[in-house]
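Here is a short report on a single protein chain. It is meant to be read beside the sequence and the coordinates.

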Amino acid sequence: MREEQSNKTSQKKKTNPKKPWFWPLVYTGFSVAFVGMIWGYNVYVSNDSAEDAEWTKTGNEPDKVAIETNAQAETMKYPFKEELFDKVEVVQHYYDMEADETTREKSLLVFNQTYSTSTGVSLSMNSEPFEVVAAMSGKVEEVNLDPFVGDEIVLSHADGKQTKYRSVTGILVKVGDEVEQGQPLATTSENEWNPTAGIHLQFEVLENGVLINPESLLAF
């Protein structure tokens with residue numbers, strides 16, 4: 001009888017062995033889950049704070065945001081005051097191989113009996129000085145002073161274009177300035193490289209770094 005009880009007790013122990021690792025594993029699992037919840041909450045709060053900070057920073061500069069938005073939606077205007085439209089004429093065109101013969105002839109520059117093609121349009125007001133303005137809002141990238149070919153201002157614009165204003169004097173801007181469309185930049189002058197044009201503006205447009213015909217954007 002005792003032997004039978006002993007065998008039953010022995011079988012019970014084998015059937016229900018002790019598991020010393022069970023509770024530590026449970027505690028470890030809860031700990032990992034708890035740490036994960038804390039980490040996730042901190043990440044959420046950090047991202048939310050960063051977004052709030054960015055929004056606040058943008059909100060502190062509403063004028064800058066408005067200028068950038070307007071600049072992207074702008075269409076190019078003339079590099080002179082619109083009231084001068086009837087007085088300003090194109091004395092030299094952009095050289096276009098597909099243009100008619102008369103236009104191609106008016107796009108050739110002569111210096112020391114050597115011909116070169118015009119990379120923009122030369123605008124004159126009966127050889128009288130006129131105010132040069134920004135054709136689009138943008139940033140002043142370069143101000144090049146060269147009395148031979150004429151002082152030059154280079155602007156970059158939000159749509160990827162660049163505009164160049166050459167043969168100018170009395171420059172009113174400097175590198176790094178942000179300018180608005182229609183803002184005065186300088187006054188037209190003459191230069192040694194293109195004396196036949198007299199007092200004029202050499203206006204050039206680049207798109208993705210490539211010169212294009214300004215007359216394809218503006219009806220001169």
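## Basis of the model

This is a predicted model, in which local features need pLDDT of at least 70, side-chain atom pairs count only at pLDDT 80 or more, and totals for chains, interfaces and linings use all residues. Residues are numbered from 1 along each chain as its sequence is written, and side-chain values use heavy atoms, with hydrogens and water left out.

## Overall fold

The protein has four helices and 12 strands. Both kinds of element are DSSP runs, numbered from the N terminus: helices are H or I with at least four residues, strands are E with at least two. Of its 220 residues, 31% count as buried. Buried means under 20% relative accessible area, exposed means over 50%, and partly exposed lies in between (1.4 Å probe, protein chains only).

The exposed surface comes to about 14700 Å², and carbon and sulfur atoms supply 54% of that area. Accessible areas come from the Shrake-Rupley method with a 1.4 Å probe; for residues, only the protein chains shown count as cover. A contact means heavy atoms within 4.5 Å. Among contacts between residues at least 6 apart in sequence, 62% join residues at least 24 apart.

## Nonpolar core

In soluble globular proteins, nonpolar side chains tend to be buried together. Here the largest nonpolar core has 28 residues. Such a core is a set of buried Ala, Val, Leu, Ile, Met, Phe, Trp, Tyr and Cys residues joined through side-chain atoms within 4.5 Å. The residues with the most contacts inside this core are Leu-123, Ile-153, Leu-155, Tyr-165, Leu-185, Leu-201 and Phe-203. Two or more residues each come from β4 (121-124), β7, β8, β10 (184-188) and β11. The largest share, three residues, is from β11.

## Salt bridges

The structure holds five salt bridges. The criterion is a side-chain nitrogen of Lys or Arg within 4 Å of a carboxyl oxygen of Asp or Glu. One of the bridges joins Lys-161 and Glu-207 (3.5 Å, N to O). Lys-161 lies in strand β8 and Glu-207 in strand β11, so this pair ties together parts that are 46 residues apart in sequence. Lys-161 is buried at 13% relative accessibility, whereas Glu-207 is partly exposed at 36%.

Another bridge pairs Arg-166 with Glu-204, the closest N and O atoms being 3.0 Å apart. This pair also links distant parts of the chain: Arg-166 is in strand β8, Glu-204 is in strand β11, and they are 38 residues apart. Arg-166 counts as buried at 17% relative accessibility. Glu-204 is buried too, at 2%. Glu-152, Arg-166 and Glu-204 are linked in a network of salt bridges. Lys-174 and Asp-177 also meet in a salt bridge (3.1 Å, N to O). Lys-174 is exposed, with 54% relative accessibility.

## Buried residues in detail

Gln-202 lies in strand β11 (residues 201-207). At 7% relative accessibility, Gln-202 is buried. Its side chain makes a polar contact with the side chain of Glu-204 (3.4 Å). A polar contact is a pair of N or O atoms within 3.5 Å; within protein, one must be able to donate a hydrogen and the other to accept it, and residues adjacent in sequence count only if both atoms are side-chain atoms. Beyond four places in sequence, the contacts of Gln-202 include Ser-118, Val-121, Tyr-165 and Arg-166.

His-157 sits in the loop between β7 (151-156) and β8 (161-169). His-157 is buried at 8% relative accessibility. The side chains of His-157 and Thr-163 make a polar contact (2.7 Å). Val-154, in strand β7, is buried with a relative accessible area of 1%. Val-154 and Val-140 are 14 residues apart in sequence and 6.0 Å apart in space, C-alpha to C-alpha.

Most residues other than glycine have a negative phi. Asn-126 has a positive phi of about 55° although it is not a glycine. Asn-126 is in the loop between β4 and β5 (131-133), and is exposed at 62% relative accessibility. Ser-127 is also not a glycine and has a positive phi of about 60°. Ser-127 lies in the loop between β4 and β5 and is partly exposed, with a relative accessible area of 36%.
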